[in-house]
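Have the sequence and the 3D view at hand as you read.

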Amino acid sequence: MTRIVVIANNEAGVIADIAGTLAERNINIETISAEALGEKGAITLTADDHDGALRALTDAGFKTVSDESLILRLRDEPGALARLAEKFKQAGVNIRSLHFLDRRNGYATVAISADDRAKAESLVEPETAV
């Protein structure tokens, strides 16, 4: 999954502006999360038209970056994320970002961005990859 991260001022209306920009271009937001980081905020999203969304947001003056995430399905139980993170730690793979996308039927769907995607992917059990 390719995600877009928008770095913006932490102020009222930023998400409305982002959503409005994409709506004007008829681009649907599939997932979105936001985190305040002091004076700035990071809004992470996926869209049904990644390239169009990236272009629209950049054209509107937003600072954006894009990254390729691993999408994994973990058992929704204590320790599942800890076991995966420990594998990454032992292999020297840094997790840049992690987002829980969904939880249902005893499983959690997680998006992980790592500094070495290929190495991270090699550490994942085949049954966890979505």
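Asparagine 26 counts as exposed because its relative accessibility is 70%; exposed means over 50% relative accessible area, buried under 20%, and partly exposed in between (1.4 Å probe, protein chains only). This is a predicted model, in which local features need pLDDT of at least 70, side-chain atom pairs count only at pLDDT 80 or more, and totals for chains, interfaces and linings use all residues. Residues are numbered from 1 along each chain as its sequence is written, and side-chain values use heavy atoms, with hydrogens and water left out.

- Most residues other than glycine have a negative phi.
- Asparagine 26 has a positive phi, near 60°.
- Its place is the loop between helix H1 (14-24) and strand E2 (29-37); helices (H or I, at least four residues) and strands (E, at least two) are DSSP runs, numbered from the N terminus.
- Asparagine 105 also is not a glycine, and its phi is positive at about 50°.
- The loop between strand E6 (95-104) and strand E7 (107-114) holds asparagine 105.
- Asparagine 105 has 71% relative accessibility, so it counts as exposed.

**A buried arginine**

- Arginine 3 belongs to strand E1 (residues 2-9).
- Its relative accessible area is 2%, so arginine 3 is buried.
- Leaving aside neighbours within four places in sequence, arginine 3 is in contact (heavy atoms within 4.5 Å) with residues including Thr44, His50, Asp67, Ser97 and His99.
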